[in-house]
Amino acid sequence: MTTTDDFADLTPDQFLEAVVSGSIYPYTEHRIPKRRGGRRTLHAPVPRLSEVQQEILARLETLPADFQPHPAAFAYRRGRSVVDCAAAHLRAHTVIRLDIADFFGSIRERHVHAALKDAWTQPAERGYRLDLAENDEGRREIALRRNGRTLGTYTTARLVTVSPPEPNHTWTNRGTGRRTVRLEATGQDFSVRRPGLIHKHTREGFLPQGAPTSGYLSNIVMRDVDEVVTHQAESLGLRYTRYSDDMYFSRRALVHHDDVVRLMAGVKQALEPLGMRLNTKKTYVARPGARRSVLGILVDGPAPRLTREYKRRITKHVRGAASFGIEQHRRHQKFKDLAELDAHVTGLLSFAHMVEPGWADTQLADWKRLREIPRDHEEPVIVQHGLDLPWDEEVEVSQADLAKASIDDLVRGAQRYRSSSDYLQMLEFVGRFKRYAPFNAMVVHIQKPGARYVLPSSEWTSKYRRVLKPGAQPLMIFQPRGPYMLVYDVGDTEALPGARPLPKGITAPVSVSSRVGEKVVAEVWHHTETNLAPLGIRLTLVDHGASSCGGTYRSRSGSAVERPGSRPGDRPETYPTLFEIEVNRNLPLLDRYATLAHELGHLFCGHLGAGPGETWPDRYVRPLSDEDAVKVHARNEVEAESIAYMVLKRLDPDVRMGDYITGHLGPDQQVPETVALNVTFKAAGLIIEMGKKRIPAAKLQKPKK
């Protein structure tokens, strides 16, 4: 076997013959780790071979339209990007992703050879040109000419594929000729190429990841497959695009399970002639409630959007550099130098600009300002009300003006507590915040309901050895001698090695202790959620602090709430939205279910009025005084929490839920006289039944006696 050191001694013709015969191995291998384990091998051609492949690619790209890739293929094509691929699926109700296993390794010499045979004549412009020539059997086929010498289709196929020297790289012949694929949905027949055995050497080559021709040729080889899959998708009312090995399907309406099964069967049938298969571990079906994305871009709305996770990858660097200085942030993130950090952030922003240019431009402007701070020493820092920030007079002044202008808005936002049951909760919240003035505690509560314990980032580090999580939410409070300061809740921090432990009352004040498995709770949650719609209840998960569980209120949106049909293919059931329940998504699953049971207890006990068709009684009481408000609030909370306790006891007899109820008992620790035990027990029974199975709407809406 000739090594790369001998390439310089070969003439151009000798070099090409050596590549075709396999006597040399003109590739450099790079093994890079995969995100989910294992390693991916990239084959980079040596410069001499890369030049030949680039000439081949230039000629192939000028061939007629009927030889170009299928319109559904978006990768490796000029003028098309990942954003274009995602944009084809906007406003998607359901997104389906199928992944082709070992995509480039599955495309062999025989596939490339068969694809090249279908090409047409092209005029010569430079040294290499593609033209028609007679093969050994007298048939016309595509050929590569160089200085008058014809390189046939087989030779060209060998020049654009790789045959690693390991002896285990051999494949059996998968059959010859063409075969017919029939779509069951429409009865149409499609002729799909099934290449024959054309390689002459022990090791048949395949498309190398890393060669300039591989992407384009993969699209040409996949043209027949894309045609069949496109018709299969259209017969099911789906849109289809392919980006390399990722196949995406979407529809602006619900895609039932049976349609997904038929789609996968059709795709597998279309891939079979090429010997390809789907990687079922990467199959993904996303409907409302899950992240509907294509190539990492959200497509559930009218315009492409970045995911929250991708934005956090950028903002953690911008905020980190602003809070601690760019050099300290660089060391913390373990980049070898500032140039490497800058290249990383700029690359993330380049992609973000393609998707959301407005947001990306703002982040880029902040990053440019931060990276221009002198790098030969630590940047100047001023201690501003306990918070270390890079000093920028213009920025500080504008933020101060913004802070002053925000005071009126915050006060106006607090007015809603004057006429609602949340007023007492706000007073309790303010009472717990002994470190800050009551007004600042109210400001924190308005910005992040449920915030438990807040400190500036510098104090989290110095006192507790805790740092901010990526995407931590800053909370603004006011001070007499300065415009404002930024603080962060304990839930937005994480401990460093050797961190001082925090009391459980701060980190998890509402935690429920139970031995019940998460799988059981998830099933009960699913059944309960399914049974909410017929009662006019819409459930929403919200982003609140650790001590905020949830809330319930009457809906004023005038919208409808749906639940899927009981069988595949059934139309969804639609009901008017009467009540809204919010549950904190940041709680553990068991705590979330306990919160849902608590809020349903409020509803089924009639604390917000009667249910649809008087399915539960109207026990709403308008307090006439502050004393009455305290009594009504205590009655409501004792009833709702008692229901949650009974519901969770059915899941785990040893469940522990803290002392929440005792906080609402009277001075003599007696249960309020207005608590209605019969209503409480009936409500608990209904919630328990809702967690077992899907209940018919007629039974749910039947008045409870």
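**Entry on H607.** I began with the neighbours of H607: leaving aside residues up to four places away in sequence, H607 touches H602, R619, Y620, R635, N636 and E639. A reminder to myself: this is a predicted model. Where does H607 sit? I found H607 in the loop between α20 (589-604) and α21 (626-651). Then I looked up its polar contacts. The side chains of H607 and E639 make one at 2.6 Å. H607 also has a polar contact with H602, side chain to side chain, at 2.9 Å. Is H607 buried or exposed? Its relative accessible area is 5%, and because the cut-off for buried is under 20%, H607 counts as buried.

**Entry on the whole chain.** Next I stepped back for the totals. I noted 705 residues in the protein chain, of which 47% count as buried. I also wrote down 23 helices and 26 strands. For contacts between residues at least 6 apart in sequence, I asked what share join residues at least 24 apart. The share came out at 68%.

**Entry on the cores.** I turned to the nonpolar cores. The largest of them has 58 residues, and F249 and V267 are the ones with the most contacts inside it. Which helix gives the most to this core? I found α9 (residues 257-271), which contributes six residues. I then listed what V267 touches beyond four places in sequence: L98, V229, M247, F249 and L278. There is a second, separate core as well, with 38 residues, and I noted L532, L539, Y593 and L596 among them.

**Entry on β3.** L98, from the V267 list, sent me to strand β3, residues 94-99. Five of the six residues of β3 are buried, so I put the strand down as mostly covered. What does β3 pair with? One partner is β10 (residues 246-251), joined to β3 by six bridges in an antiparallel run. Within that pairing, V95 has S250 of β10 as its bridge partner. The strand β11 (residues 284-286) is also antiparallel to β3, with three bridges between them. Here I found I96 opposite V285 of β11.

V294 has I297 of β13 as its bridge partner.

**Entry on cysteines.** How many disulfides does a search of the whole structure find? The search finds zero. I also looked at the cover on two cysteines. C85 is buried, at a relative accessible area of 0%. C605 is likewise buried, at 0%.

**Entry on Q232.** I picked Q232 in helix α8, residues 223-235. Its relative accessible area is 7%, so Q232 goes down as buried. I then took the C-alpha to C-alpha distance from Q232 to M264: 9.8 Å in space, for 32 residues apart in sequence.

**Entry on backbone angles.** I finished with phi. Most residues other than glycine have a negative phi. Against that background I noted two entries. Y76 is not a glycine, yet has a positive phi of about 60°. I placed Y76 in the loop between α2 (47-60) and α3 (82-87), and with a relative accessible area of 38%, Y76 is partly exposed. R91 is not a glycine either, and its phi is also positive, about 60°. I found R91 in the loop between α3 and β3.

Key:
Residues are numbered from 1 along each chain as its sequence is written. This is a predicted model: local features need pLDDT of at least 70, side-chain atom pairs count only at pLDDT 80 or more; totals for chains, interfaces and linings use all residues. Side-chain values use heavy atoms; hydrogens and water are left out. Helices (H or I, at least four residues) and strands (E, at least two) are DSSP runs, numbered from the N terminus. Buried means under 20% relative accessible area, exposed over 50%, partly exposed in between (1.4 Å probe, protein chains only). A polar contact is a pair of N or O atoms within 3.5 Å; within protein, one must be able to donate a hydrogen and the other to accept it, and residues adjacent in sequence count only if both atoms are side-chain atoms. Contact means heavy atoms within 4.5 Å. Two strands pair if DSSP finds at least two bridges between them. A nonpolar core is a set of buried Ala, Val, Leu, Ile, Met, Phe, Trp, Tyr and Cys residues joined through side-chain atoms within 4.5 Å. A disulfide is a pair of cysteine sulfur atoms within 2.5 Å.
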